[in-house]
Amino acid sequence: MEIHLPSVPMMEILSYLDAFTLLQVAQVNKSWNTVASSDVLWRKFCQKRWLFCDKVNLQFLGTETWKQFYVYRTWQEHTKSRAKPEDFTYKEIPAEYGFRAYACYISGCGLTRNRNAKSIVCMVTSVNRISTWDIHEGVMTWESPGHPAVIMRLTTLPEMHMAVTVDAELTIKLWDCQNRKALATNNLSSPCQLLKAVDTKDGPIVLAGDTSGNLYVFRIPDLELISRVNVFPYGIDGIYCSPQKKWVFLNQKHPQILPKVFYMSSLLRTSEFSAPVSTNLEFSFYKRAFWTPRREDRITMMSRSAPPVNTAFVTFDMKLEKIGTETIAKGHLIARFLLPDYMERPEWMGVSDKDVIVCSTLSSLLLFSMNGLRLQTFPYYSEEVLNLWVDPVHVIVTLYDGSLDVYAWEERTPQLRRCYRLPKRKSLTQQSFLFKTLCDDVSIIRVMRNSPAPCFLMAYTLKSELEN
């Protein structure tokens with residue numbers, strides 16, 4: 001006997017389900033399938049999972065319904081999870097620029113609108129040039145003219161295929177990575193420590209932190225200075241934006257200086273606010289921070305005090321409150337725990353969209369709930385963990401010998417699944433240093449820095465038959 005409910009109350013009931021359950025409901029009968037396939041429901045899932053869905057339509061995405069896009073995009077996100085080591089092609093791209101050689105993706109998730117793989121990386125390839133590379137083909141696609149001064153910082157805005165550099169003369173430049181001439185230039189007043197380009201609801205911007213503790217906000221594409229705020233007395237060591245860029249977290253690695261969170265709109269709409277809206281988070285001896293993916297207001301931090309050495313994790317929810325006509329920001333502590341004294345000290349950490357904290361010690365990968373319940377342990381008995389890459393889909397462990405372990409977050413449980421190991425392809429010398437692993441849907445990259453020998457971009461790319 002089929003159950004028929006009016007579509008409006010049925011839609012209201014189904015809006016409380018998760019995507020996986022909604023797919024199961026759609027199989028009950030034709031009537032339920034019609035309601036459970038509604039674009040109203042599936043667009044909300046897409047907007048929550050992929051923030052760019054707020055700004056695009058189905059025609060741009062190349063699908064007829066939001067349900068189709070959700071199913072395909074989720075499947076595509078897990079391409080690396082389904083792969084095997086032999087499904088990857090390995091390439092090395094030389095970089096001449098010694099210890100400051102590093103790379104950033106400039107191609108978003110690595111997929112074009114026709115769903116073909118297209119991972120493009122922007123690199124500092126010499127002391128005064130940047131270039132872009134198609135890492136599937138291993139070929140250069142663009143190179144900037146030579147700068148008059150040494151390039152010190154690089155960041156990219158994949159949504160617009162743009163790059164931003166700061167050189168030793170404190171000049172900031174914007175590049176569209178197609179033309180030889182910079183689109184815009186401006187200047188900082190002190191040496192740049194950090195550089196980050198992000199796309200906000202008010203438009204794309206560049207955030208720069210200098211050695212005097214100033215935060216600069218520049219508008220893209222003209223690099224007009226929107227605001228400048230002195231945040232800390234010495235410098236800014238970290239800039240972390242929340243997923244939808246509502247908040248920006250800043251820290252200075254000094255045990256007595258508390259991290260600060262700014263409300264982004266107050267930095268961008270200066271005429272609407274008498275002063276930037278910010279708050280200190282009461283958490284000293286800061287070590288790492290990570291915004292919860294696919295949420296907007298939750299941040300988890302890790303600290304380490306010494307002596308004695310204690311590792312603590314705290315989670316705050318950021319809130320805006322009104323007092324009269326004034327808007328203030330507050331961080332509400334919602335969870336906190338200490339690791340037992342006998343445990344090794346974690347060096348790296350991240351958080352899943354299910355509020356699972358993953359952290360690495362030299363000899364293990366550990367998972368905790370935000371209240372401290374240990375969920376999983378992955379031991380590394382005879383190996384040492386160098387660093388972690390954590391995103392909403394994967395955790396990638398880089399080992400000191402150069403190999404990579406790829407894990408995937410389970411969709412319906414707060415756990416990790418070990419997928420495979422990518423073996424090292426190049427022997428490391430005593431002067432070698434593996435710098436920050438990055439990935440998109442179809443590739444994994446890191447830079448091997450050498451001194452004085454040449455540096456390399458090390459790229460693992462999925463073969464084309466697995467990408468679609």
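Colleague: What makes the sulfur of C419 too far from the closest cysteine sulfur for a bond?
Modeller: A disulfide is a pair of cysteine sulfur atoms within 2.5 Å. The closest cysteine sulfur to that of C419 is in C439, 12 Å away, so this is too far for a bond. Before we go on: this is a predicted model, where local features need pLDDT of at least 70 and side-chain atom pairs count only at pLDDT 80 or more, while totals for chains, interfaces and linings use all residues. Residues are numbered from 1 along each chain as its sequence is written, and side-chain values use heavy atoms, with hydrogens and water left out.

Colleague: Why is C419 called partly exposed?
Modeller: It comes down to relative accessible area: under 20% is buried, over 50% is exposed, and in between is partly exposed (1.4 Å probe, protein chains only). C419 has 22%, so it goes in the partly exposed class.

Colleague: How many disulfides does a search of the whole structure find?
Modeller: The search comes back with 0 disulfides. Take C241 as a case: its nearest cysteine sulfur belongs to C192 and is 14 Å away, and C241 is in no disulfide.

Colleague: And is C241 buried or exposed?
Modeller: Its relative accessibility is 13%, so C241 counts as buried.

Colleague: Let's go to the loops. Where is P221 found?
Modeller: Look in the loop between β12 (214-219) and β13 (225-230). Strands like these are DSSP runs (E, at least two residues), as helices are (H or I, at least four), numbered from the N terminus. The peptide bond joining I220 and P221 is cis, with omega at about 25 degrees.

Colleague: What is phi of L223?
Modeller: It is near 55 degrees, a positive value in a residue other than glycine. L223 also sits in the loop between β12 and β13.

Colleague: What about phi of K245?
Modeller: K245 isn't a glycine either, yet its phi is positive, about 65 degrees. You'll find K245 in the loop between β14 (238-241) and β15 (247-251).

Colleague: Now two serines. Why is S15 called partly exposed?
Modeller: The relative accessible area of S15 is 36%, so the label is partly exposed. S15 is in the loop between α1 (7-14) and α2 (19-25). Its C-alpha is 9.2 Å from that of V40, which is 25 residues away along the chain.

Colleague: And S360, buried or exposed?
Modeller: At 2% relative accessible area, S360 is buried. S360 belongs to strand β23 (residues 356-360).

Colleague: Which residues is S360 in contact with?
Modeller: Contact means heavy atoms within 4.5 Å. Leaving aside neighbours within four places in sequence, S360 is in contact with R345, P346, E347, W348, L365, V385 and L388.

Colleague: Zooming out, how many helices and strands does the protein have?
Modeller: There are 8 helices and 32 strands.

Colleague: What makes the protein as compact as a globular protein of that length?
Modeller: The globule rule is 2.2 Å times the number of residues to the power 0.38, and the radius of gyration is taken over C-alpha atoms. For 468 residues the rule gives 23 Å, and the radius of gyration of the protein is 23 Å, so it is as compact as a globular protein of that length. Of the 468 residues, 54% count as buried.
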